[in-house]
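Load the model in your viewer and keep the sequence panel open. The stops below each give a selection and say what is there.

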Amino acid sequence: MEDRHPQRRRSSGGCGCARVGVGRLIREAPREGGTNHTAALHSTSAHSSNSALARPTPTPDPRSAAGPVRTCIGCRSRSVVDGLLRVVVVDGVLTPDPRRRLPGRGAWLHPASECLDRAERRSAFPRALRVPGPLDTGPVRARIECEVGAST
Ligand SMILES: [Zn+2]
């Protein structure tokens, strides 16, 4: 009699608790696991498809998008014309042509005094514009300094 009581309590109590607990665990576990698995699969598949779409995107040609490219007569580096100042000779005088509308041969220069200095030193203007003799870069310098002063 004395031995049965502790066994009953242990077995009945233990079994009942274990059954309920296991039943809950078994019922709930597959639901959560299943949703997590499907969500993970969906997210990973979406990620992989996105990266696959992003990779083959053709890189646009910067030259065609930004316009023609010219060589700066000062630093001799190539730039799109939007970043350069066109200079022409009108009656033997260097004339800045920011609108690029003046006729004739044009020289291209970064609107920077450094590039103008270098072009001046190597007499790049007469060479680029096919005119004899030195040219007065005063108007161009004024234009560049005005532009630099306005931008900063
Ligand atoms: Zn330059």
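A residue is buried if 20 or more other C-beta atoms lie within 10 Å of its own, exposed if 12 or fewer, and partly exposed in between, with C-beta atoms placed from the backbone. Helices (H or I, at least four residues) and strands (E, at least two) are DSSP runs, numbered from the N terminus.

Before going on, note that this is a predicted model, in which local features need pLDDT of at least 70 and side-chain atom pairs count only at pLDDT 80 or more, while totals for chains, interfaces and linings use all residues. Residues are numbered from 1 along each chain as its sequence is written.

**Whole chain**

Show the protein chain as a cartoon. It contains five helices and five strands, and the elements run α-α-β-β-β-β-β-α-α-α from the N terminus on. Of its 152 residues, 16% count as buried. Two residues are in contact if their C-beta atoms, placed from the backbone, lie within 7 Å. Among contacts with a separation of 6 or more, 52% are between residues 24 or more positions apart.

**Helix α3**

Now select Cys115, Leu116 and Ala119, the buried residues of α3. They lie on the same side of the helix because they cover an arc of only 100° around the axis, where the arc is that of the directions from the helix axis to the C-beta atoms. An α-helix has 3.6 residues a turn, so residues three or four places apart point the same way.

Next pick Ser113, which also belongs to α3. Ser113 counts as partly exposed because it has 15 C-beta neighbours inside 10 Å. Leaving aside neighbours within four places in sequence, its contacts are Arg141, Ile144, Glu145 and Val148. Draw a distance between the C-alpha atoms of Ser113 and Arg141: it is 6.9 Å, for residues 28 apart along the chain. After α3 comes Ser123, with a positive phi near 45°.

**The three-stranded sheet**

Turn to the open sheet with the order β4-β3-β5 and antiparallel pairing. Two strands pair if DSSP finds at least two bridges between them. β4 (93-96) and β5 are at the edges with a single partner strand each, so one side of each has no neighbour in the sheet. Direction ignored, neighbouring strands are turned by 35° against each other on average.

Val87 is opposite Pro96 in β4, and its bridge partner in β5 is Ala107. Val90 is opposite Val93 in β4. β3 and β4 form a hairpin with two residues between them, and Asp91 in the turn has a positive phi of about 55°.

**The core**

Finish with the largest nonpolar core, which has 18 residues; Ile73, Leu109, Ala119 and Phe125 touch the most other members. Such a core is a set of buried Ala, Val, Leu, Ile, Met, Phe, Trp, Tyr and Cys residues joined through C-beta atoms within 7 Å. The elements giving two or more residues to this core are β3 (85-90), β5 (106-109), α3 (113-121), α4 (124-129) and α5 (138-151).

How values were computed: Axes fitted to C-alpha atoms, helices over the stretch in contact; angles between N-to-C directions.
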